[in-house]
Amino acid sequence: MSSDATATDLVRVDQSVFDAAGKVLAVHLSYSSRAAQRGRTPAFPSYFMKASSSLASSGETVERPAGTELLAFEGEIALVIGTDARRVSVEDAWSHVGSVTASNDLGVYDMKYADKGSNIRSKSGDGYTPMGPVLLPAAAVNPEALRIRTWVNGELAQDASTAELIFSFAQIVADLSQQMTLKAGDVILTGTPAGSSVIVPGDLVEVQVDDEAAGLSTGRLATTVVEGTDAFAAFGNQPKITDADRIDAFGTASAAGIELPITGKEALTDEVKAKLLSVATATISGALRKRGLNNVSVDGLQATKGMTKVIGTARTLRYVPNREDLFKSHGGGYNAQKRVIDSVGPGEILVMEARGEKGSGTLGDILAMRTQVRGAEAIITDGGVRDLDAVAALDIPTFHNGAHPAVLGRKHVPWDTDVTIGCGGATIQPGDIVIADADGILVIPPHLAAEIADEVVESEREDTFVFKNVANGEEIKGLFPMNAGWKAKYNQWVADGEPDF
């Protein structure tokens, strides 16, 4: 136990805490693991409100409304404001937090559609914000090293540290205080890590927050789910569920029992990758054309690594034309460009849409080095590159539209990431398979990758057979393409183990 706070100092959450909570504010996404599940990383925190009447103590029950299926738990850390905060700085914000405790941001996804983003009906039901069982003094804990765990029926479902927060607690408090006075007693729910899922009547959910270095713990916040008996009345919205709601509620498509279209990472197995890398990009282009895909090449770019061939799944970054006010709000600090470079990884290729505008750099040596250190396979931009000699000297292959010394803001605003983009005349979606060398850059839809890989290996073998025969003096007629006679010779050559001529 910390010398600054002992067991006798810890105050239990009771009705007086709920009475003091004028408002309950909640953050949408704040943990990197949850953002990865959702497939998006926000630039800034965003919020919704919950009714203060949704607050409940440890040991109480929560109803899953009659006629609904998707009641989900979200273990979270709650901040209780200690002193009023209005337009406070990030540096000063933590001093306005009085205490922290465990909370559970419960929600029923069957009613999410009806809220139009407000979460009033989906998240503000009675008992949907249990807190406790005790408050930890904010001054006695390290907000950057808190551990949060959630158990369902005794099985660990969530285990995370505030070290993975995208936004610090201080930033959240300061940000909210820009537009409203945070009053003493107000509650802020700070988001949930990955692992949230659906619970059913009879389930026991427990949440605990610890500062292990300080020896402080909230103890387990316990909530039991019961089945509601009263259906929603006909004069209001009725429960309704989409596949997207199921995925959000369960956390992943597989947990929800929903089969999604194959992704690039699933499609690009080691076997498929080896086959695609073994053939010329021209051969792959031919296989794509046979399937009616004539607009899948990224054109007009130069390669820093010559014929070095790379393959990976696309991570995307979109630049919009520079507008000074927008660059001021989106161009500085930890912008979209830096966020995607900090999150790209092995097996991925960073693809940038710069509208073919090469009058400014979209990348320099420092960010190219960071992309290399992260383990990415390549960088592709249809814009310019600064420090081109230094970028070309790196190990990571870069495909670009020429050199330019100007900084980003001359022509571009880094706008958003992991969205469908256009690069070098081709549409590229996050997760598409991209294969590239100095001969060309091609985009392969993931669902076609396996069949194209099998086909191009066979096509490349046929081309090798034809090439060798032409080199030996055979005429093209009947050989390219092969007639029945040459096809029989080809089949025998394959059966013989493809011997040299």
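**View 1. Cover over helix α11 in the predicted model.** The buried residues of α11 are covered by elements that include α10 (270-277), β27 (433-437), β28 (440-444) and α16 (449-471). Helix α11 itself spans residues 281-290, and its buried residues are Thr281, Thr283, Ile284, Gly286, Ala287 and Leu288. Buried means under 20% relative accessible area, exposed over 50%, and partly exposed in between, with a 1.4 Å probe and protein chains only. Helices (H or I, at least four residues) and strands (E, at least two) are DSSP runs, numbered from the N terminus. After α11 comes Gly292, with a positive phi near 80 degrees.

This is a predicted model, in which local features need pLDDT of at least 70 and side-chain atom pairs count only at pLDDT 80 or more, while totals for chains, interfaces and linings use all residues. Residues are numbered from 1 along each chain as its sequence is written, and side-chain values use heavy atoms, with hydrogens and water left out.

**View 2. The largest nonpolar core.** This core has 37 residues, of which Ile77, Leu79, Trp94, Leu182 and Ile188 touch the most other members. Two or more residues each come from β2 (24-27), β7 (75-81), β8 (97-104), β10 (129-137), α6 (169-177) and β15 (204-211). The most come from α6, which gives six. A nonpolar core is a set of buried Ala, Val, Leu, Ile, Met, Phe, Trp, Tyr and Cys residues joined through side-chain atoms within 4.5 Å. A second, separate core holds 36 residues, among them Ala267, Val279, Ile435 and Ala453.

**View 3. Surroundings of Ile188.** With neighbours within four places in sequence set aside, Ile188 is in contact with Leu25, Ile77, Ala78, Leu79, Ile81, Ile172, Val173, Leu176 and Leu182. Contact means heavy atoms within 4.5 Å.

**View 4. Strand β3 and its partner β2.** Strand β3 (residues 47-50) has Phe48 and Lys50 on its covered face, and Tyr47 and Met49 on its uncovered one. Four bridges join β2 and β3 in the antiparallel sense. Val27 has Tyr47 of β3 as its bridge partner. Two strands pair if DSSP finds at least two bridges between them.

**View 5. The protein as context for the close-ups.** The protein has 17 helices and 28 strands, and its C-alpha atoms fill a box of roughly 95 × 55 × 50 Å along the principal axes. Of its 501 residues, 49% are buried. Among contacts between residues at least 6 apart in sequence, 78% join residues at least 24 apart.
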